[in-house]
2 protein chains.
Amino acid sequence: MLKLYDYLPSGNGYKVRLLLHQLEIPFELETLDIWSGATRTPEFLKKNPNGRIPTLQLEDGRYLWESHAIMWYLAEGSALIPANKFAKAQVLQWMCFEQYELEPALGVIRARKKFKSSHQDPSWPETEKKLRLRGLQALEVLNAQLKDCVFLVNNCYSLADIAVFGYVHVAPEADFDMAAYPNILTWQKNVQSQPLHVPITWRP
Amino acid sequence: MLKLYDYLPSGNGYKVRLLLHQLEIPFELETLDIWSGATRTPEFLKKNPNGRIPTLQLEDGRYLWESHAIMWYLAEGSALIPANKFAKAQVLQWMCFEQYELEPALGVIRARKKFKSSHQDPSWPETEKKLRLRGLQALEVLNAQLKDCVFLVNNCYSLADIAVFGYVHVAPEADFDMAAYPNILTWQKNVQSQPLHVPITWRP
């Protein structure tokens, strides 16, 4: 059986858990406390030298990490990756956009507010200001893309929707006012209406 | 003919240019001055709403953006994307690692030093300190991975090598001392020895 190393509040981990559930792939879950260094132990670094969750252990003992790479591996051959070459590249385009523009803003601010608020860092206010501006710009781009669209690529539910949903649906936890993005809110409902949808802290 | 909107010193743009050249795909190049706002004009935002290079225009007028998505589109069916499902996911894994860990450290520091050194930002020293630490950690992970390896995945030259090479080979321009990473230096030579290799500022 597959084994997923994860941390339940993680949007990156959630992408993989949601996908596994929607593909009806059974898996074992081991949750790790990322804030206490559980992903930086010599033992865990043998699984993922980059010391992060999610990390997937295959049946044969090999490991795969980086949420979007794990997702691609799991979804190959399913309708969540379009067969058409251009559509497939567009799915990757929105996954890259998520990991470069959205996650470093929404995810980092959320983590700070939710889990590290007592951590002393004099430069945080300035950092947050920059990240928030970047997040607002990315949400504008996403909201415009979703005008009159049911899903991100060709109106078909794909890995792109799962990847982008991961942190966008918890953006209010990073104090982003989502009322400014009505197309995103409609799209979120579409994602949540998909069969076998589960919330972020779901575990098997 | 394909048309690439790009900026010659960009590592992200270079990945696409190098790939196009190695795949022997002819393309037209339009270079843009990213520092003067040329990618934020209403006209360019119609091509890429995220306002960044590289952006690829296909023969039929459609656009694709995000360097790694463009690369996937161009290399489909070539030996640069392994057919094996696990190896393919590993290629994506290292591409994601590049875009999340390496580029935001090496690429951002390099851009600041090389092109924006006169730009006033009181928080830059603190930001650079954090980015440099992140870059050093990522280079450690990469150096360990490349021990006894010719290339990143299964010792076969792939999109992963092109993607990671983009900014790593210009890390000295961001004041990273690469002598500390002998495996990376050996691997760089392997990448540079590939047929049809061209330098970062190459243009057709």
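In this predicted model, helix H3 of chain B is followed by Gly77(B), a residue whose phi is positive, near 90°. Here helices are DSSP runs of H or I with at least four residues, strands are DSSP runs of E with at least two, and both are numbered from the N terminus. Residues are numbered from 1 along each chain as its sequence is written, and chains are lettered from A and ligands numbered from 1 in the order in which they are written. Because the model is predicted, local features need pLDDT of at least 70 and side-chain atom pairs count only at pLDDT 80 or more, whereas totals for chains, interfaces and linings use all residues.

H3(B) itself is mostly covered, with eight of its nine residues buried. A residue counts as buried if 20 or more other C-beta atoms lie within 10 Å of its own, as exposed if 12 or fewer do, and as partly exposed in between, with C-beta atoms placed from the backbone. The buried residues of this helix are Ser67(B), His68(B), Ala69(B), Ile70(B), Met71(B), Trp72(B), Leu74(B) and Ala75(B). They pack against elements of both chains: helix H4 (85-115) of chain A, and helix H1 (11-22), E3, E4, H4 and helix H6 (159-168) of chain B.

The interface between the chains joins 26 residues of chain B to 26 residues of chain A, two residues being in contact if their C-beta atoms, placed from the backbone, lie within 7 Å. On the side of chain B that touches chain A, at least two residues each are supplied by strand E4 (63-65), helix H3 (67-75), H4 and helix H5 (124-145) of chain B. The largest share, ten residues, comes from H4(B). By class, this side of chain B has 14 nonpolar, six polar and six charged residues. In this classification Ala, Val, Leu, Ile, Met, Phe, Trp, Tyr, Cys and Pro are nonpolar, Asp, Glu, Lys and Arg are charged, and the others, Gly among them, are polar.

One helix pair across the interface can be described in detail. Two packed helices are described by the angle between their axes and the distance between the axes. The axes of helix H3 (residues 67-75) of chain A and helix H4 (residues 85-115) of chain B come within 8 Å and cross at roughly 160°. H3(A) is therefore roughly antiparallel to H4(B). The axes are lines fitted to C-alpha atoms, for helices over the stretch in contact, and angles run from 0 to 180 degrees between N-to-C directions; those under 35 degrees count as roughly parallel, over 145 as roughly antiparallel, 65 to 115 as roughly perpendicular and the rest as oblique. In this pair, His68(A), Ala69(A), Trp72(A) and Tyr73(A) of H3(A) meet Lys85(B), Phe86(B), Ala89(B), Leu92(B), Gln93(B) and Cys96(B) of H4(B). Seven of the residues in this contact are nonpolar, two are polar and one is charged.

Chain A has seven helices and four strands, arranged along the sequence in the pattern β-α-β-α-β-β-α-α-α-α-α. Its C-alpha trace spans about 50 × 45 × 25 Å along the principal axes. For 204 residues, a compact globule would have a radius of gyration near 17 Å, and the 17 Å of chain A agrees; this radius is taken over C-alpha atoms, and the globule rule is 2.2 Å times the number of residues to the power 0.38. Of the 204 residues of chain A, 39% count as buried.

Several local backbone features were also identified. The peptide bond from Ile53(A) to Pro54(A) is cis, with omega near -5°, and Pro54(A) lies in the loop between helix H2 (42-47) and strand E3 (55-57) of chain A. In chain B, a cis peptide bond joins Ile53(B) and Pro54(B), with omega about -5°. Glu24(A), a residue other than glycine, has a positive phi near 55°; it is placed in the loop between helix H1 (11-22) and strand E2 (27-31) of chain A. Glu24(A) counts as exposed because it has 8 C-beta neighbours inside 10 Å.

By contrast, Asp6(B), in strand E1 (residues 2-6) of chain B, counts as buried because it has 24 C-beta neighbours inside 10 Å. Beyond residues up to four places away in sequence, Asp6(B) touches Gly13(B), Arg17(B), Leu29(B), Thr31(B), Ile53(B) and Pro54(B).
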